[in-house]
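Hello,

Here is the structure I said I would pass on. Please open it alongside this email. My notes follow below.

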Amino acid sequence: MLKRGGRSRLLRYIDILGPWVGVILCFIVIGSLEPRFISPGNISAIIVDASTYILLAVGMTFVITGGGIDLSVGSILALSGVVMTVLAKDTAIDPILAMVVCLAAGTLLGLVNGLLITKLKMPDIVVTLATAISYRALVHVWIGARVLAGLPPALTYLGRTRLLDGLLPVSVIVAVLVVAVADLLLYRRTRFGRYTIAIGGNRTAAIHAGIPVDRYKIYTYAFAGFMAALGAIILAGRFDAWNYAFGTGKEFHVIAGVIIGGTALFGGLGRLWGSLAGVLLISMLVNGMVAIGVSYFWQPVGIGAAIILAVAVYTITGRRQSRGVGGGE
Amino acid sequence: MDKARPIIEMKGIVKDFGGLRAVDHVDLELYPGECLALVGENGAGKSTLIKVLTGIYRPDGGRIVVDGNEVTINSRREAKALGIEAVYQELALVDTLDAASNVFLGGELTIPVLGRFFHILDNRKMYREAQSVLKERLGIDLEGRKDPVFNLSGGQRQSVAIARAIYWKAKVLVMDEPTASLGVGEIKRTFDLVHRATAEGVAVIWISHNLEQVFTVADRILVLRGGKCVGVRRCDETTMTEIVGLIVTGVAAAA
């Protein structure tokens, strides 16, 4: 349902501020039910937890804006994290180099996704489902049940360090900086961002405008892989360890956060700050439900409800969720 | 404006679909700065003929001459390179981008950063240039709006699509039922756009069922019936009755 003509200002503001309102509501509602939820220590734990997934959400926002979907980001995080921590622990290489290899590995794994999707012309969801399973299997093959603990300090710096007497975690600074650069620079002022929007918004128009659509699609997946690897670095720092389970199932936290944040699921419109808010909201919900004593098994229901509510709000504000006019000859 | 030589000549164009001959040895001449209307009933071959010109179909017979040179047009991109642009609102525009981004899509203006390796988009310049084309050459004032084009009216969207074609120096604009979803005021604005484009020497092919509009906007009319060209008339030398006669019976009715 495409609404031509201007939507009212109010509806547009609701559209953009929606996820932030959700964050504030969550803060107030759960905070009043259980004051420990809003203690500085708990809030700090929430935003540190969210920071890893915010990074993944930045990559996911570009993928979804370009009309794709990536179910493998959790597995890419896992596999690039394994590469990095095994190198750091079992070999004598410089930890910084291990981090570089991690980022390269994540980018490569994402590149594989992009190539399979464009060259084999297979649906994004099918390919990334397959790679999600395959990359995860490689993790098991590589380290089995082993826990790699005690990582070099240079490696754990980003995830572990808190400045200003413990109040300002570096991981949160990294997440916010990445979102800022991704929005202000990549999304708005590079061909990468512009063409990703065009390809997701009206692929036919993009092709007719001479945009190399396959190439830019591949870039979005490589970028998502890079972000997943960056997330792995943060995660390794937080726990000063790695095991085979890290990142499992996290793609849903990330995708849900991106949708709640206002990025259109079928492409053409990305909301990077919204993705940050959406991921944060879900981290708050998960933490909050534990705080007020909701059973672990009900937590996904809470998250599902949040997604449905968010999409309902967007539908009311006139935002189309279905595939837009893409032409066709 | 050199009206002597046509910008487009389609000679003896044939297009078959299986056993059906959709276009049957049609000749079409298009001169710079004119608006040629293509009329006929549904199935008469108008869309097919145009798709041959814009590179979507390859003709099974006949030749196409663009600006004096014989060409083969194998894709929409090749047609564009020759200056032939089809203006369809839905096809040309990315709804979530603003007007300037749409005008420059695929050919963005950039600012080099750090030597020549990294380029960022020059959004401000693109906005100014797009405004200039829209306002000065097409007479459309978007009042400084930078919102996504899906917020614009049908007529405004169409002017963005035309602005895009004009900016990239199209020689021929093909408009298929351009007033179909427009209100009265916007229809008039579309006529103005066409006049401005032709005043600049751009040739316009206007496909429509609405003969009243055709007589208002076009210089000449080409009538197709059953895939054949049954008549070409100058608007000021014919009447609607004659054209209707040609459309329906293929024979010029008494004027």
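Start at Leu173(B). Leaving aside residues up to four places away in sequence, Leu173(B) touches Glu85(B), Val87(B), Ile162(B), Ala165(B), Ala197(B), Val202(B) and Val204(B). Keep in mind that this is a predicted model.

Leu173(B) also matters for the core count. The largest nonpolar core has 174 residues, and Leu173(B) and Ile205(B) touch the most other members. The largest share of this core comes from chain A: helix α10(A), residues 213–239, supplies 18 residues. In soluble globular proteins, nonpolar side chains tend to be buried together.

Next, chain B as a whole. Chain B holds 9 helices and 12 strands. Its C-alpha trace spans about 65 × 40 × 35 Å along the principal axes. The radius of gyration of chain B is 19 Å; a compact globule of 255 residues would have one near 18 Å, so the two agree. Of the 255 residues in chain B, 45% count as buried. Among contacts in chain B with a separation of 6 or more, 66% join residues 24 or more positions apart.

How many of the 8 residues of helix α1(B) are buried? The count is 8 of the 8, so this helix, residues 46–53, is largely enclosed by the rest of the structure. The buried residues include Lys46(B) and Lys51(B), along with Leu49(B), Ile50(B), Val52(B) and Leu53(B). After α1(B) comes Gly55(B), with a positive phi near 90 degrees.

Strands β11(B), residues 220–225, and β12(B), residues 228–234, pair in the antiparallel sense over 6 bridges. Val223(B) has Gly231(B) of β12(B) as its bridge partner. The hairpin has 2 residues between the strands, and Gly226(B) takes a positive phi near 60 degrees.

Last, the contact between the chains. Chain A gives 24 residues and chain B gives 23 residues. On the chain A side, the elements that give two or more residues are α8(A), 191–201, and α9(A), 203–208. Of these, α8(A) gives the most, with 5 residues. What is the make-up of the side of chain A that touches chain B? That side divides into 8 nonpolar, 11 polar and 5 charged residues.

Over to you.

Best wishes

Key: Residues are numbered from 1 along each chain as its sequence is written. Chains are lettered from A and ligands numbered from 1 in the order in which they are written. This is a predicted model: local features need pLDDT of at least 70, side-chain atom pairs count only at pLDDT 80 or more; totals for chains, interfaces and linings use all residues. A residue is buried if 20 or more other C-beta atoms lie within 10 Å of its own, exposed if 12 or fewer, and partly exposed in between; C-beta atoms are placed from the backbone. Helices (H or I, at least four residues) and strands (E, at least two) are DSSP runs, numbered from the N terminus. A nonpolar core is a set of buried Ala, Val, Leu, Ile, Met, Phe, Trp, Tyr and Cys residues joined through C-beta atoms within 7 Å. Two residues are in contact if their C-beta atoms, placed from the backbone, lie within 7 Å. Two strands pair if DSSP finds at least two bridges between them. Ala, Val, Leu, Ile, Met, Phe, Trp, Tyr, Cys and Pro count as nonpolar, Asp, Glu, Lys and Arg as charged, and the others, Gly among them, as polar. The radius of gyration is taken over C-alpha atoms; the globule rule is 2.2 Å times the number of residues to the power 0.38.
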